[in-house]
Amino acid sequence: MFQIIVCIKAVPDPQKACKIKIDPITKTLLRCEVPLVMNPLDRNALEAALNIKEEIGAHVTIISMGPIEAVKIVKEGIAIGADHGVLLTDPAFAGADVYSTAFTLSKGIEKINDFDLVICGMASSDAATEWVGPEIATFLSVPVVTKVKEIVHIKDKFLELKTCIMNGYRRVRVMLPALITVTRELNKPRALSFSGIIKSRKKKIMLWGCNDINVSEKLVGLNGSPSIVTTLEPVVNKRNCEFITGCREEKADKLIDKLVEHGFL
Amino acid sequence: MKNSTGPVWVIVDQEDCQILPVSLQLIGHARKMANKLDVDVEAVLLGNNIKNNCNCLFEAGSDRIYIGESHELNLYQPDLYTDIIVNLSKEKCPQIMLFGSTIVGRELAPLIAAILQTGLTAHCIDLVINDKGIMEQKIPAYGGLMTIVCPEKRPQMATVAQGVFSIPDISHKQKGEIVRLKIPILNTRRVEILQIVRDQSNDLQLETAAAVVAGGAGAGDIDGWNQIVDLSKVLGAALGCTRPAADEGWTDLETMIGQSGKMISPEVYIGIGLSGELQHMVGISEAQLMIAINNDPKAPIFHQVDYGIIDDCKEFVPVLIERIKSFRKHSSILDCRKCSS
């Protein structure tokens, strides 16, 4: 059967993530209670996998790397429709940069089984690098296509795709097995169903650490990261804001005056 | 001998044989870093029929250009590009390798970084050589500026968006060394770009617009967003967005302003229903007039603008549109009177 692996990430809820700030004095992160949710674009990745499953039949496995709390995100993926879930979780994985994250995920994927297609969201809402997909593909020695906005067809071990570029698209053909990263335009992710939630309760999520995926602690997490954060500095504000007050019409008129003063209206 | 610790590389990006401005901006900045390190700047240019366009790479500050020309390279081909750059990098050992945050750069940079087993920092807003000769890579994070370094692995790799650095105004030299690369033959082509299709869009270009209206998650829903769209039209301003607004699906990701999107320098900027996260704000360089509309008086945006209006944008924007329309009508009547008198 066609084997699909979907990589998902638990991220701080993007609606509330702006609450995470640096303390200007201690220069450490002030993490308010921001709940973890599934990275929005990873929902599109999962939806793409489920669409392929419905069309040609496939087995869909979700894999994630993160703290043990991320298990609820993997469960959610199963409730949405994935068949199987794996969470790579180990204190040694903490502090990973892109390189070490992609390396660890690729080791997890190698352990799962042979695959035809790996699907990732184009980027995560918290780090937004877009690198993890392509780097996983490199570690797995498979080709990658990024920013997929349409899956045209799967035929004879080839996938034909449309990908986003500035003011247009590219038509791309890729040989399977491959890894693709997807954009929001690709599909509209389905909602959770009640029966899905019931089904997911019976599923056991595999929890794998360093020993399970056969990697040394030296190669993962902060130890395995080529790049490191050295400082985090608060930014000095450059402008003084004058508040425009009054009722709505007054505020609108005063704003128009400012635009006129600056020669813009 | 100069190159004791390796040159600074810029991987040049071209579209339809035209070199993109971001590549010249990067070479200009690479020149400054290379002077501090006392090494060469080298550009790598891949494509077809591109040799005639490479003088600008010398003028921007390159000492040497590696050119790979072949009809095989007419369109970006990931396997071939990766193969060429990785092999050349293993031979020449650059200490720094820079890419534009372009469609190609964003895909190619991580492919190369993973093979070379080195770090790669996304969408930097500054690159500085420190006293130890290491490149400090600055990115906005959590309302502050984060410094990332890659202390041991080489090359140190980063991508930078167009507009972060300016095109150098002094032309350094007219000529330098051109090195032609042998193009390998790959037996299997795993990925093939078959065709590039471009839409003809009539939208105002964000990068060149005098006025920009940007909307964020505070628009609330698609109706709220459409009001912001209407306001931009009434003002004749280009429309931009923050990442949350693009994630909501209200508008195209291509109109995103900021670190991983567009860098703009309008005369007037109006930010509506957006909190003023640094990732967005770094995309707006020195506008003459900055205005924010937000219902949260504590939103960081109010520290970064000249005028602020505390209001629910869904309520306020329609009123503003009506007042602008009536102002226009009024002033055009005045103008007519002036003409007839």
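## Ring pairs, worked through

Y99(A) and F139(A) are both buried (under 20% relative accessible area with a 1.4 Å probe, protein chains only; exposed is over 50%, partly exposed in between). Keep in mind that this is a predicted model, where local features need pLDDT of at least 70 and side-chain atom pairs count only at pLDDT 80 or more. Residues are numbered from 1 along each chain as its sequence is written, and side-chain values use heavy atoms, leaving out hydrogens and water.

**Exercise 1.** Work out which kind of aromatic pair Y99(A) and F139(A) form.

*Step 1.* Grab the cut-offs: Phe, Tyr and Trp rings (six-membered ring for Trp) pair if their centres lie within 6.5 Å, and planes under 30 degrees apart are stacked, over 60 edge-to-face, the rest tilted.
*Step 2.* There are 6 aromatic pairs over all chains. For Y99(A) and F139(A), the centres are 5.3 Å apart with 75° between the planes, so the pair is edge-to-face.
*Step 3.* Now place the partners: Y99(A) is in helix α3 (residues 98-112) and F139(A) in helix α4 (residues 132-140) of chain A, 40 residues apart. Helices here are DSSP runs (H or I, at least four residues), and strands are E runs of at least two, numbered from the N terminus.

**Exercise 2.** Do likewise for W9(B) and Y66(B).

*Step 1.* The ring centres sit 6.0 Å apart and the planes meet at 55°, so this pair is tilted.
*Step 2.* W9(B) belongs to strand β1 (residues 8-11) and Y66(B) to strand β5 (residues 64-69) of chain B, 57 residues apart.
*Step 3.* Check burial: W9(B) has a relative accessible area of 0%, so it's buried; Y66(B), at 3%, is buried too.

Note on methods
Chains lettered and ligands numbered in written order.
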